[in-house]
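Let's take a friendly walk through this structure together, one feature at a time. Keep the sequence and the 3D view open as you read.

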Amino acid sequence: MIYATAFLSLALAGLAQGKIYLQESFNDAAWKDRWTVPSDWKSTEELGEWKWTEGKFYGDASDKGIQTSQDARFYGLSAKLNEAFTNSDKPLVIQYSVKHEQDLDCGGAYIKLLGDMDQSKFGGDTPYQVMFGPDICGPSNKKTHVIFNYPPKNDNVLIKSEVRTESDNLSHLYTLIVNPDGTFEVLIDNESARKGNLVDEFDLLEPKEIKDPAQSKPSDWVDEAKIADPEDVKPEGWDETPAEIVDPEASKPDDWDDEEDGEYEAPMIPNPEFKGEWKPKMIDNPEYKGEWEHPMIPNPDFKEDAEVGVRCKDCTHVGFELWQVKTGTMFDDIIVTDSVAEAKSFADSTFFKKQPGEKAMYEEEKERKKAEAAAAAESAKSEEGDDDEEEEDEEEEGGDEL
């Protein structure tokens with residue numbers, strides 16, 4: 001597995017001077033001292049409890065993560081970076097793993113990168129700079145969020161085309177790389193899921209051109225490519241043919257009683273002669289001028305932004321702010337850094353190291369459940385057979401009595 005070649009030079013540079021702003025594997029009980037659970041965002045009854053666990057399937061029992069544990073709850077959690085981070089001349093890299101051990105029906109699993117804030121009040125209304133990660137709600141709404149707060153617009157701007165996500169029960173690694181030159185890439189399990197230019201993929205800047213407000217389509221413009229043939233005339237008697245007719249092969253049944261059943265009426269069948277609604281043939285319109293194109297002019301509101309790629313200015317915290325209907329989502333191996341190489345090295349020593357063991361344990365569990373289901377089905381079939389034999393014996397005994 002390799003990172004996209006477009007970022008190779010950045011990765012090599014990161015080897016020499018990469019800085020890690022946060023790195024968390026949750027492998028010691030002191031993780032609670034590094035993370036703050038908000039107290040004022042929601043009531044105690046609405047907030048779910050984070051569980052510290054290795055999960056159902058794992059490569060190493062000592063390798064733990066944090067997991068949502070109560071259904072239909074809000075979850076909030078945040079941690080402070082080692083120091084404030086602005087990606088003005090280096091990449092911004094956010095990476096973490098997500099595992100849905102439940103059959104997730106509706107719930108988020110995204111992480112946020114934020115500026116200075118009151119961690120005890122961190123919640124859904126807390127301003128953020130980056131929101132990234134999977135979100136699932138229903139079978140057709142599965143995506144990986146990539147959202148940036150863009151101060152010039154005072155808005156949170158979503159990626160135009162949704163990025164795929166993973167929804168099975170295994171761990172998956174999500175990586176977001178944003179470069180100061182305005183390029184970005186999303187990787188899932190170290191494979192590129194989307195890359196491009198921020199200006200092209202997000203509506204951050206105003207469009208360079210707009211439709212000329214002084215121009216409009218001429219009233220005599222003809223944009224109908226086809227017209228009805230004026231020489232095509234509906235055939236005489238077309239509308240007189242009924243859609244259904246009496247079935248000529250139907251006859252009154254021999255046991256039909258007019259007094260009890262009423263007067264017999266033969267059933268109706270589709271008329272083979274019926275041709276439907278008449279429509280004239282369509283021909284090329286001799287007056288057709290083509291599709292009218294609105295003239296474009298330079299947009300007076302358009303402004304270049306040399307810092308469009310600087311999507312993190314004085315970032316100080318990361319946090320999870322989630323709602324989950326059915327819980328069991330695990331989070332692990334979080335890193336915020338300015339080096340692609342650092343993120344890759346961390347993934348190799350954590351996520352990818354434990355994947356073989358986790359997958360093996362998962363497959364063993366699947367096979368065990370499959371065998372149990374087969375045994376249960378066979379047992380039910382056997383019991384059903386025994387019941388049938390008992391019924392037959394009872395019938396035979398009853399016959400003897402008669």
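A disulfide, as the word is used here, is a pair of cysteine sulfur atoms within 2.5 Å. How many disulfides does the count come to by this rule? The count is two. Before we visit them, please bear in mind that this is a predicted model.

Start with Cys106 and Cys137, which form a disulfide with their sulfur atoms 2.0 Å apart. Cys106 lies in strand β7 (residues 106-108) and Cys137 in strand β9 (residues 130-137), so this pair ties together parts that are 31 residues apart in sequence. The torsion about the S-S bond of Cys106 and Cys137 is about -90 degrees, so the disulfide is left-handed. Are the two partners buried or exposed? Cys106 has 18% relative accessibility and counts as buried, because buried means under 20%. Cys137, at 36%, counts as partly exposed.

Now move along to Cys312 and Cys315, which also form a disulfide, with sulfur atoms 1.9 Å apart. Cys312 is buried, with a relative accessible area of 0%, and Cys315 counts as buried at 0% as well. If you number the bonded cysteines of the chain in sequence order, the pairing reads 1-2, 3-4.

Tyr21 has its place in strand β1 and counts as buried, at 7% relative accessibility. Although Tyr21 and Phe85 are 64 residues apart along the chain, their C-alpha atoms are separated by 7.4 Å. What does Tyr21 touch, not counting residues up to four places away in sequence? The residues touched by Tyr21 are Leu81, Asn82, Glu83, Ala84, Phe85, Val336, Thr337 and Asp338.

Phe148 is the other stop, and you will find this residue in strand β10 (residues 142-150). At 0% relative accessibility, Phe148 counts as buried. Leaving aside neighbours within four places in sequence, Phe148 is in contact with a set of residues that includes Gln129, Val130, Leu176, Val178, Leu198, Phe202 and Arg311.

The place of Met282 is in strand β19 (residues 282-284). Not counting residues up to four places away in sequence, Met282 touches Lys226, Ile227 and Ala228. Gly123, by contrast, is 159 residues from Met282 in sequence and 60 Å away in space, C-alpha to C-alpha.

Rolling a probe the size of a water molecule over the atoms shows where empty space is left. The structure holds one cavity of 30 Å³ or more, and about 120 Å³ of space lies in the largest cavity. Of the 17 residues that line the largest cavity, the closest to its centre are Lys99, Ser171, Met330, Asp332 and Lys354. Which elements each supply at least two residues of this lining? They are β6 (92-100), β22 (329-337) and α6 (351-401). By class, the lining has five nonpolar, four polar and eight charged residues.

Finally, take a look at the backbone in two loops. Phe26 sits in the loop between β1 (20-24) and α2 (31-34), and its phi is near 60 degrees, a positive value in a residue other than glycine. Phe26 is buried, with a relative accessible area of 0%. Asn190 is found in the loop between β13 (183-188) and β14 (191-197). Phi of Asn190 is positive too, near 70 degrees, and Asn190 is buried, with a relative accessible area of 2%.

Key: Residues numbered from 1 in each chain as written. Predicted model: local features only at pLDDT ≥ 70, side-chain atom pairs only at ≥ 80, totals over all residues. Heavy atoms only, no water. Helix = DSSP H or I, 4+ residues; strand = E, 2+ residues; numbered from the N terminus. Buried < 20%, exposed > 50% of the residue type's maximum accessible area, 1.4 Å probe, protein only. Contact = heavy atoms within 4.5 Å. 1 Å grid on protein atoms, 1.4 Å probe; cavity = no way out; pocket = protein on both sides within 12 Å on 5 of 7 lines; lining within 4 Å. Points joined across faces, edges and corners; volume = space filled by probe spheres on them. Nonpolar A, V, L, I, M, F, W, Y, C, P; charged D, E, K, R; others polar.
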